[in-house]
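Biologist: Can you walk me through this one? I'd like to start with the charged pairs, then move on to the packing.

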Amino acid sequence: MNKYSQAEQVMVERFGHDTQISLATIDGKRPAVRIVNGYYEDGAFYVVTRARSGKMKQLGKNPAAAVCAEWFAARGVGENLGHVRDARNAALMGKLREVFAAWYNNGDVNEDDPHTCILRVRLTDGVLMSHGTKYEIDFAKRKA
């Protein structure tokens, strides 16, 4: 198993479920950070949010993002994948509804609201620590 496969295995174990992550964006010239519920899959974190939220407005102006949680920190690019009920998002939303089931239907998420969307943070590079091993990950090359 190569180092990227090992790192991916740790990523899935740690973040391949509902997990709280810190998400940083740029607000003008200043960083802005908040904790969100995220789900990791195949080099990206997914978050259900509102297109009118501060984070989405900030990412609309500057898509640079960073995430941090559980001995992992990375940079990436934030993208609005569109409304949660868009047909293009059907398969992904099936997963996200299941992953976030503990809180998804408690009133925070309104799928009827056209501004409820999926944020994808495509990771570019990061550092992961696991049991004394440091993985410096270039996510574009992680399958190499």
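Modeller: Terms first. A salt bridge here is a side-chain nitrogen of Lys or Arg within 4 Å of a carboxyl oxygen of Asp or Glu. Also, keep in mind that this is a predicted model.

Biologist: Fine. How many salt bridges does the structure hold?

Modeller: The count is 10 salt bridges. One of them pairs aspartate 125 with arginine 75, with the closest N and O atoms 2.5 Å apart. That pair links distant parts of the chain. Aspartate 125 sits in strand S6 (residues 116–130) and arginine 75 in strand S5, 50 residues apart.

Biologist: Is arginine 75 buried or exposed?

Modeller: Exposed, because its relative accessibility is 53% and the exposed class starts over 50%. Aspartate 125 is partly exposed, at 25%.

Biologist: What does glutamate 79 pair with?

Modeller: Arginine 120. Their side chains meet in a salt bridge at 2.7 Å, N to O. Glutamate 79 is in strand S5 and arginine 120 in strand S6, 41 residues apart. Glutamate 79 is partly exposed, with a relative accessible area of 21%. Arginine 120 is partly exposed too, at 22%.

Biologist: And glutamate 111, which arginine does it bridge to?

Modeller: Arginine 85, with the closest N and O atoms 3.2 Å apart. Glutamate 111 is buried at 12% relative accessible area, whereas arginine 85 is partly exposed at 49%.

Biologist: Switching to arginine 34. Where is it found?

Modeller: In strand S2 (residues 30–41). Arginine 34 is buried yet has no salt bridge. The nearest side chain of opposite charge is aspartate 27, 7.1 Å away.

Biologist: Why doesn't that pair count as a salt bridge?

Modeller: Because a salt bridge needs the nitrogen and the carboxyl oxygen within 4 Å, and aspartate 27 is 7.1 Å from arginine 34.

Biologist: So what does the arginine 34 side chain make a polar contact with?

Modeller: The side chain of glutamine 58, at 2.9 Å. Arginine 34 also touches Ile21, Ser22, Leu23, Ala24, Thr25, Gly54 and Lys55, leaving aside residues up to four places away in sequence.

Biologist: Tell me about glutamine 58. Buried or exposed?

Modeller: Buried, at 11% relative accessible area. Glutamine 58 is in helix H2 (residues 54–61). Its side chain makes another polar contact, with the side chain of threonine 25 at 2.4 Å. Not counting residues up to four places away in sequence, glutamine 58 touches Thr25, Ile26, Asp27, Ala32 and Arg34.

Biologist: Now arginine 14. What does its side chain reach?

Modeller: The backbone oxygen of methionine 129, at 2.7 Å. Arginine 14 is in helix H1 (residues 3–15) and is buried, with a relative accessible area of 17%. Leaving aside neighbours within four places in sequence, its contacts include Glu70, Trp71, Leu128 and Ser130. Arginine 14 and tyrosine 40 are 26 residues apart in sequence and 8.6 Å apart in space, C-alpha to C-alpha.

Biologist: On to packing. How many residues are in the largest nonpolar core?

Modeller: It has 26 residues. Those with the most contacts inside it are Met11, Phe45, Val67, Phe72, Leu123 and Leu128. There is a second, separate core of 14 residues that includes Tyr46, Leu81, Val84 and Trp103.

Biologist: What does methionine 11 touch?

Modeller: Gly16, Tyr40, Phe45, Phe72, Leu123, Leu128 and Phe139, not counting residues up to four places away in sequence.

Biologist: And how many disulfides?

Modeller: The structure holds 0 disulfides. Cysteine 117 is buried at 2%, and cysteine 68 is partly exposed at 42%.

Biologist: Last one. Where does alanine 87 lie?

Modeller: In the loop between strand S5 (72–83) and helix H3 (90–99). Alanine 87 is exposed, with a relative accessible area of 67%. Alanine 87 and serine 5 are 82 residues apart in sequence and 32 Å apart in space, C-alpha to C-alpha.

Technical notes:
Residues numbered from 1 in each chain as written. Predicted model: local features only at pLDDT ≥ 70, side-chain atom pairs only at ≥ 80, totals over all residues. Heavy atoms only, no water. Core = buried A, V, L, I, M, F, W, Y, C linked by side-chain atoms within 4.5 Å. Buried < 20%, exposed > 50% of the residue type's maximum accessible area, 1.4 Å probe, protein only. Contact = heavy atoms within 4.5 Å. Disulfide = S-S within 2.5 Å. Helix = DSSP H or I, 4+ residues; strand = E, 2+ residues; numbered from the N terminus. Lys, Arg positive; Asp, Glu negative; His and termini not counted. Polar contact = N/O pair within 3.5 Å; in protein donor to acceptor, adjacent residues only side chain to side chain.
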